[in-house]
Amino acid sequence: MPTNTLVSLVRKDLLIEWRQKHTLFGVLLYVGATVFVVYMMSGQPEAKIWNALFWLTQLFVAVNSVAKSFLQEHPNRFRYYFTLVKPTTFLLAKIIYSTTLLLAMSLVSLLLFNVLLGNPLEQIGLFVIITCVGSISLSVVFTFLSAIAARANQNAALMAILGFPLVTPVLMILSNLALKAISPVYQPGWWSLAAVLLLLDALVVVLGLILFPFLWQE
Amino acid sequence: MRQMWWKVLCVLMLAYTVVGGFLMPVPRLNIVNETIRNLYFHVPMWFAMILLFTGSFIYSIKYLHSGDLVHDIYSAEFTKTGILFSLLGMITGMEWAKFTWGEFWSNDPKQLGTAMSMLIYFAYLVLRNGLKDEEKRAKISAVYNIFAYALMIPLIWVLPRMVDSLHPGNGGNPGFNSYDLDSDMRKVFYPAVIGWFLLGLWMATLKIRVALLQHKDDNSFQFDTEKQ
């Protein structure tokens with residue numbers, strides 16, 4: 001039963017996304033415009049700057065696309081969900097939904113970066129994998145923060161305020177990991193850094209699942 | 001007055017730290033020279049900060065467990081005192097860095113980690129001030145506090161150890177433990193840690209008492225005439 005509710009919750013969110021195409025295309029436009037502005041300002045930068053710009057773009061795309069996961073719901077509707085599902089199921093569904101959304105957006109922005117800002121990538125496969133892991137990490141953190149922001153009077157600005165310091169280390173780890181895919185420099189400790197990132201992701205999910213029920217109660 | 005003894009201890013320890021810290025012998029080291037005495041002030045600030053944030057973390061868990069607003073007040077005041085100590089630690093650290101590393105800010109991973117944790121706790125204050133409803137504020141800020149602490153503290157401890165740092169004990173620099181922190185320095189350093197931590201605790205308890213009175217005052221349904 002819980003998996004059924006989980007699937008139907010995710011399906012509901014994705015369906016809403018598909019039917020209200022204006023929000024989906026709004027985010028897509030946001031991604032396109034951001035990459036274009038970056039391109040207009042920097043042209044085709046060297047590899048290290050490319051990497052930094054890419055992850056910065058990811059951060060802003062994450063804030064804007066994941067913010068919708070909780071903030072797009074009307075506050076009163078939470079009470080309705082409250083009667084239907086367990087809070088952990090609800091949070092998991094939101095995490096899956098925002099991860100899917102951000103994965104798509106990240107891949108689009110990676111494509112745009114390659115087209116506009118040039119292609120410094122030595123190992124494209126590895127970079128795509130790191131992008132995927134990165135968007136999972138960012139969306140997990142921001143989904144939970146969006147839940148906090150939704151409870152705090154639907155204040156979207158709060159999400160950025162709370163989120164930026166929290167995800168800075170995640171972004172630092174990600175851009176260091178990604179350097180391996182860009183330049184063939186030998187990086188000692190790459191695997192332990194990757195392990196730290198994965199542990200951090202697991203920790204965020206576990207913490208979210210523990211804490212969300214408290215947030216959920218009125 | 002039953003809780004008087006640790007305040008006396010705190011004053012004694014700190015008096016000893018200041019007097020002993022400036023007068024007792026220290027090892028003569030290149031570059032560091034006499035600034036090594038800052039060890040008695042800079043490092044204990046960080047210990048006190050971590051302990052105060054830990055206290056705040058524990059009271060946040062207690063709040064979620066009990067729903068008692070008193071625990072929320074404890075948690076908030078511990079955080080505020082912790083932020084004060086993080087500022088003091090940052091200032092003493094930057095001053096020390098100017099004399100030994102040459103710059104106030106030299107992109108050291110530990111400095112970065114600390115700057116990040118300060119930003120996180122500033123965000124906590126913003127979050128608290130943004131919410132008017134007491135119950136809601138308590139609940140949301142407790143949730144954020146637990147989330148931030150559990151994510152941040154491992155990062156502060158783990159990440160700087162994985163990259164090179166200018167701090168002693170990292171990236172080939174000798175740690176104070178190996179030979180610098182000799183028995184003379186230990187005699188001042190350990191009391192200093194205890195003294196500064198007790199001072200932080202004392203400040204926090206005073207702030208908590210004021211906040212509790214305020215809380216009581218706000219929540220008692222008396223007319224103004226009755227209060228007097």
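Me: How many helices and how many strands are there in chain B?

Reply: In this predicted model, chain B has eight helices and zero strands. Read from the N terminus on, its elements go α-α-α-α-α-α-α-α.

Me: What makes a residue of chain B count as buried, and what percentage of the chain is that?

Reply: The cut-off is 20 or more other C-beta atoms within 10 Å of the residue's own. Of the 228 residues in chain B, 36% are buried.

Me: Why is the group around A:V141 and B:Y144 called a nonpolar core?

Reply: The name needs buried residues of the nonpolar kinds, joined through C-beta atoms within 7 Å. The largest such core has 107 residues, and A:V141, A:I148, A:L162, B:V143 and B:Y144 have the most contacts inside it. Helix α2 (residues 39–66) of chain B gives the most to this core, 14 residues.

Me: Which residues does A:L162 touch?

Reply: Leaving out residues up to four places away in sequence, A:L162 touches A:L145 and A:I148, plus B:A123, B:L127 and B:Y144.

Me: What does each chain put into the contact between A and B?

Reply: Chain B and chain A put in 22 residues each. On the chain B side, α4 (109–130) and α5 (134–162) each supply at least two residues, and α5(B) has the largest share, with 13. Sorted by class, that side of chain B has 20 nonpolar residues, one polar and one charged.

Me: How do you describe the packing of α3 and α5 in chain A?

Reply: Two packed helices are described by the angle between their axes and the distance between the axes. For α3 (residues 47–71) and α5 (residues 87–116) of chain A, the angle is about 145° and the axes are 9 Å apart. The crossing is right-handed. Among the residues that meet are A:F54, A:V61 and A:F70 from α3(A), and A:Y97, A:L101 and A:F113 from α5(A). By class, this contact has 10 nonpolar, seven polar and one charged residues.

Me: Which hand does the crossing of α7(A) and α8(A) have, and which residues make the contact?

Reply: That crossing is left-handed. The axes of α7 (residues 156–182) and α8 (residues 190–216) of chain A come within 10 Å and cross at roughly 145°. The contact includes A:V170, A:I173 and A:L177 of α7(A), with A:W190, A:L193 and A:L197 among those of α8(A).

Me: What makes A:K180 of α7(A) a contact residue, and how do the classes divide?

Reply: A contact means C-beta atoms within 7 Å, and A:K180 is one of the α7(A) residues in the contact with α8(A). The residues of this contact divide into nine nonpolar, one polar and one charged.

How values were computed:
Residues are numbered from 1 along each chain as its sequence is written. Chains are lettered from A and ligands numbered from 1 in the order in which they are written. This is a predicted model: local features need pLDDT of at least 70, side-chain atom pairs count only at pLDDT 80 or more; totals for chains, interfaces and linings use all residues. Axes are lines fitted to C-alpha atoms, for helices over the stretch in contact, and angles run from 0 to 180 degrees between N-to-C directions. Helices (H or I, at least four residues) and strands (E, at least two) are DSSP runs, numbered from the N terminus. A crossing is left-handed if the near helix is turned anticlockwise from the far one by less than a right angle, and right-handed if clockwise. Two residues are in contact if their C-beta atoms, placed from the backbone, lie within 7 Å. Ala, Val, Leu, Ile, Met, Phe, Trp, Tyr, Cys and Pro count as nonpolar, Asp, Glu, Lys and Arg as charged, and the others, Gly among them, as polar. A residue is buried if 20 or more other C-beta atoms lie within 10 Å of its own, exposed if 12 or fewer, and partly exposed in between; C-beta atoms are placed from the backbone.
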